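This report describes the strands of a sheet and the surroundings of a ligand. Please keep the sequence and the structure in view while reading.

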Amino acid sequence: MQVVQIPGFARTAVARENLAMTDVTNYLDGRTLILLSNREPYEHLASAEGIHVRQPPGGLVSALDPTMRRTGGIWVAWGSGSADRETADSVGRLGVPPFEPTYTLRRVWLTESDIDGYYLGFANSALWPLCHLLIQHFEFHNEHWECYQQINARFATAVYEESLRARTTPQVWVQDYHFALVPGELRRYAPDIFIHHFWHIPFPPPDMLRLLPTGVPAALLRGLLGNDLIEFHTERYAHNFLNCVREFVPEAQVRGESLRVSVDGRQVVLGVFPISIDVERFEQLALSAESDERANALRQRYARGGRALGVSVDRIDYTKGIPERLRALDRLWQESPELRERFTMIIVATPSRTELTPYQKLEAEVLATVRDINERYGTPDWEPIVLVHDNVHPELLAAVYRAADLCLVSSLQDGMNLVAKEFVASQVDEHGVLVLSRFAGAAEEIDEAVLINPFNVGGFADGIRTALEMDVGERTRRMRAMRAQLRRATIFDWLEAILARCADLMDDEEALASRERRRGFASNGAGNGSPHADGGAARDEYRLGETLP
Ligand code: ADQ
């Protein structure tokens with residue numbers, strides 16, 4: 001087996017490591033971080049030239065990979081690459097990064113039918129639409145739910161096995177809606193382990209969960225209540241979660257004002273941690289000479305003669321409001337003919353979850369609507385919408401964001417929306433306006449954007465007009481304020497805030513356990529001088545549950 005190194009791969013990885021980031025390892029205090037996510041940080045792919053390794057794009061991997069490399073943790077994920085089995089041992093383990101291993105990747109194998117039921121089925125056809133309040137796309141099949149339970153149990157077992165191998169006390173961090181049942185399952189094997197969970201998408205109000213068959217909402221919530229800490233982007237999502245617990249988990253006591261739940265004699269804490277991006281990386285990409293050249297070329301081609309340039313970047317997903325955006329543009333050019341030829345829109349849209357019918361229909365609709373708009377309004381000199389129907393590398397994205405005078409984010413619902421933040425970080429010339437859906441988590445955080453409601457076509461078109469007509473002074477003032485705000489809240493600040501909160505909670509737990517032990521020793525006649533009576537000794541003695549079920 002030969003593994004080919006992709007040019008630039010190692011360089012990119014090392015460059016990221018060198019970026020200024022707070023050393024969050026302090027907060028782990030020697031513990032082993034076990035991370036669980038659906039997507040893996042390194043994927044091996046077979047090709048004619050041999051086996052390639054690839055780091056899937058995305059903010060989460062680029063923020064967590066350096067942390068894992070420094071701390072030597074364990075990352076558990078679905079082994080999705082075509083050559084993943086050949087590059088791992090018989091259990092699915094391998095050292096990563098592949099050319100300079102510092103931590104362990106544990107791959108979990110899924111069959112086609114597992115993926116259909118757990119990932120495409122329950123996670124993406126039931127939970128995803130419900131969490132985004134888009135019930136017209138909601139589909140429930142009992143076999144998908146059963147598969148989701150089985151696969152969650154399989155991942156929980158893998159995490160548990162890895163926790164037994166960890167050299168120091170493990171701390172488990174679960175990512176997202178693919179794994180709602182993992183914390184509860186893991187807690188059964190390992191009652192004392194510290195588990196926390198980041199929920200990347202909105203958490204819905206109880207009426208949405210009520211669309212699931214009886215018993216399913218309670219099972220999902222009990223699974224999540226296996227955590228010690230659950231992290232959301234916004235306070236609204238945290239309160240929705242608490243309202244769901246009130247409604248579906250009668251044995252739990254909810255304390256809304258302190259964002260806590262008491263259940264099974266344990267405390268579950270909720271926290272609000274809005275995710276962000278690697279701001280410095282986007283800024284550097286946008287400032288590079290290549291970006292400068294690309295941005296100029298883009299403006300010359302699409303924004304010459306005083307034309308404005310708009311951009312949008314999304315996966316083709318019905319939550320992102322792409323048809324609504326196209327309707328608003330259509331309305332704008334219909335009602336304001338003077339804006340035709342004055343403004344070109346670059347829409348970067350990458351296919352996503354193409355196995356699912358709603359996604360196939362949406363893609364076809366987007367392509368047809370763009371064609372129709374271009375035919376109706378286009379002139380020999382002007383193409384209203386330039387569709388980049390592809391995945392674009394971050395260097396090019398940064399240049400497009402930099403070149404643009406406005407960025408349209410029109411999500412119908414969105415946990416946060418990182419595109420809004422990437423645009424702001426890349427706006428090094430400070431001339432762009434962010435037109436942002438009030439239903440994206442980002443709208444609760446970013447001041448100075450032009451907020452729109454994507455369901456209101458006329459209002460959305462007015463928002464675009466406002467952005468186009470905004471004078472330079474106002475644009476610069478707003479962008480400068482957004483950039484200053486973003487620099488104070490990067491993905492590394494997010495990571496640090498979460499790990500710091502975990503450290504505080506673990507200290508509290510250890511102090512409590514230590515007090516209880518002291519009480520126990522006292523009643524057993526053991527003195528306070530016992531080596532087992534302090535928190536440090538408790539940590540050395542840490543034991544997980546006895547056996548796997
Ligand atoms: P997503 O739904 O994927 O994430 P988003 O936050 O916008 O949504 O992140 C998408 C990422 O993919 C961005 O980094 C963007 O640059 C990139 N991307 C999109 N289209 C691309 C293209 N055509 N080419 C290249 N890159 C592209 C989920 C939740 C969000 C939440 C994030 C993080 O749905 O609400 O913000 O997780 O928690």
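Across which strands does helix 6 lie? In this predicted model, helix 6, residues 182-189, lies across strand 2 (32-37), strand 8 (170-175), strand 9 (194-198) and strand 13 (266-272). Helix 6 runs at about 175° to strand 9.

The sheet itself may be considered next. Strands of a sheet pair through backbone hydrogen bonds, in either a parallel or an antiparallel manner. Here 10 strands form an open sheet with mixed pairing, in the order 6-7-5-2-8-9-10-13-12-11. Strand 6 (93-96) and strand 11 (253-255) stand at the edges with a single partner strand each, so one side of each has no neighbour in the sheet. From one strand to the next, the twist averages 20°. At one edge, strand 6 runs antiparallel to strand 7 (residues 103-108), and four bridges join the two. In this pair, R93 stands opposite R106 of strand 7.

| Residue and atom | Ligand atom | Distance |
|---|---|---|
| H200, polar side-chain atom | oxygen | 2.7 Å |
| D390, polar backbone atom | nitrogen | 3.0 Å |
| N391, side-chain N or O atom | nitrogen | 2.9 Å |

Taken alone, the ligand exposes 720 Å², and the protein buries 85% of that.

Technical notes:
Residues numbered from 1 in each chain as written. Predicted model: local features only at pLDDT ≥ 70, side-chain atom pairs only at ≥ 80, totals over all residues. Heavy atoms only, no water. Pairing = 2+ DSSP bridges. Axes fitted to C-alpha atoms, helices over the stretch in contact; angles between N-to-C directions. Contact = heavy atoms within 4.5 Å. Polar contact = N/O pair within 3.5 Å; in protein donor to acceptor, adjacent residues only side chain to side chain. Areas by Shrake-Rupley, 256 points an atom, 1.4 Å probe, with all protein chains shown as cover.
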